[in-house]
Amino acid sequence: MEKELIEYIAKSLVDDPAAVSVEEAEGERGPVIQLKVAEGDIGKVIGKYGRIAKALRTVLSASAGKSGKRYSLDILD
């Protein structure tokens, strides 16, 4: 569910929703959601001073709180 949530929000933010790719992987500290967008849309996903990225991480942690998992969000180039 968390993967689909991040994908939905990211597609709403960018100019090229077809280029949005979301993968789930296992990291050192638990599950990691890897978000990849078009090169021109990275700024829109990160936001000024990282505010949108922080908001995405907050929504992800709130959503994952029900399942008891701690997800991390990586925004890839």
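1. A word on terms to begin: helices (H or I, at least four residues) and strands (E, at least two) are DSSP runs, numbered from the N terminus. By that rule, E26 is found in strand β1. Please keep in mind that this is a predicted model, in which local features need pLDDT of at least 70 and side-chain atom pairs count only at pLDDT 80 or more, while totals for chains, interfaces and linings use all residues. Residues are numbered from 1 along each chain as its sequence is written, and side-chain values use heavy atoms, with hydrogens and water left out.

2. Let us start with the sheet. Two strands pair if DSSP finds at least two bridges between them. Three strands form an open sheet in the order β1-β2-β3, and the pairing is mixed. β1 and β3 are the edge strands, each pairing on one side only. From one strand to the next, the twist averages 25°; for angles here, axes are lines fitted to C-alpha atoms, for helices over the stretch in contact, and angles run from 0 to 180 degrees between N-to-C directions.

3. Strand β1 (residues 21-27) and strand β2 (residues 30-36) run antiparallel and are joined by seven bridges. A hairpin of two residues connects β1 to β2. Follow the pairs across: E24 stands opposite I33 in β2, and E26 has P31 in β2 as its bridge partner.

4. The other pairing is parallel. Five bridges join β2 to β3. Here you can find Q34 with its bridge partner D74 in β3, L35 with I75, and K36 opposite L76.

5. Contact means heavy atoms within 4.5 Å. α3 lies across β2 and β3, and runs at about 145° to β3.

6. Is E26 buried or exposed? With 65% relative accessibility, E26 counts as exposed. From C-alpha to C-alpha, E26 and S67 are 16 Å apart in space, and they are 41 residues apart in sequence.

7. Y49 deserves a look of its own. Y49 sits in the loop between α2 (42-46) and α3, and it counts as exposed because its relative accessibility is 71%. Phi of Y49 is near 60°, a positive value in a residue other than glycine. Most residues other than glycine have a negative phi. Y49 and G27 are 22 residues apart in sequence and 25 Å apart in space, C-alpha to C-alpha.

8. Finally, the largest pocket. On a 1 Å grid over the protein atoms alone, a cavity is a set of points where a 1.4 Å probe fits but cannot get out, and a pocket is an open set with protein on both sides within 12 Å along at least five of seven lines; lining residues have an atom within 4 Å of a point. The largest pocket holds about 190 Å³ of space, a volume being the space filled by probe spheres set on the points. Its lining includes R29, R57, Y71 and L73. α3 (51-64) and β3 (72-76) each supply at least two lining residues, and α3 gives the most, with four.

Key
Buried < 20%, exposed > 50% of the residue type's maximum accessible area, 1.4 Å probe, protein only.
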